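Here is a short report on charged side chains and a helix end. Look over the sequence and the structure first.

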Amino acid sequence: MQVWSDVVRRQPRDWIAVDDDFLHWPAWCRDKYVRTHEHEGISDPAVESELRQRLALMCSAPAPEVKGLGS
């Protein structure tokens with residue numbers, strides 16, 4: 001609840017949530033959610049792989065254009 005309420009408040013360009021509690025995530029933000037292993041956390045190879053992929057996609061996304069800046 002803390003993560004998605006912060007997202008609503010601050011409205012970041014992009015974000016990823018990492019948590020093992022998958023039941024309480026609202027449908028609108030599940031595409032930003034990476035479920036961790038109950039006991040192994042992010043050290044589970046499948047979780048680590050998914051997190052790396054999501055971060056790579058997020059970091060390669062172009063920054064949004066800001067009106068009034070540039071040419």
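## Salt bridges overall

Across the whole structure, a search finds 5 salt bridges. A salt bridge here is a side-chain nitrogen of Lys or Arg within 4 Å of a carboxyl oxygen of Asp or Glu. This is a predicted model: local features need pLDDT of at least 70, side-chain atom pairs count only at pLDDT 80 or more, and totals for chains, interfaces and linings use all residues. Residues are numbered from 1 along each chain as its sequence is written, and side-chain values use heavy atoms, with hydrogens and water left out.

## Pairs within helix H1

Helix H1 covers residues 2-10. Helices (H or I, at least four residues) and strands (E, at least two) are DSSP runs, numbered from the N terminus. Arginine 9 forms a salt bridge with aspartate 6, and their closest N and O atoms are 2.5 Å apart. The two residues sit 3 apart in H1, so about one helical turn separates them. Arginine 9 is exposed, at 62% relative accessible area. By the cut-offs, buried means under 20% relative accessible area, exposed over 50%, and partly exposed in between (1.4 Å probe, protein chains only).

Aspartate 6 also meets arginine 10 in a salt bridge, at 2.8 Å from N to O. Here the spacing is 4 residues in H1, again about one helical turn. An α-helix has 3.6 residues a turn, so residues three or four places apart point the same way.

## A link between two loops

Aspartate 14 forms a salt bridge with lysine 32, with 2.5 Å between the closest N and O atoms. This pair links distant parts of the chain, 18 residues apart. Aspartate 14 lies in the loop between H1 and strand S1 (17-19). Lysine 32 lies in the loop between S1 and strand S2 (33-35). Aspartate 14 is partly exposed, at 25% relative accessibility. Lysine 32 is also partly exposed, at 23%.

Shared partners join Asp6, Arg9 and Arg10 into one salt-bridge network.

## The start of helix H2

Which residue caps the N-terminal end of H2? Aspartate 44 does, with a side-chain oxygen 3.1 Å from the backbone nitrogen of alanine 46. Aspartate 44 lies in the loop between S2 and H2. Aspartate 44 is buried yet has no salt bridge. The nearest side chain of opposite charge, arginine 35, is 10 Å away. Lys and Arg count as positive and Asp and Glu as negative; His and the chain ends are not counted.

How values were computed: A polar contact is a pair of N or O atoms within 3.5 Å; within protein, one must be able to donate a hydrogen and the other to accept it, and residues adjacent in sequence count only if both atoms are side-chain atoms.
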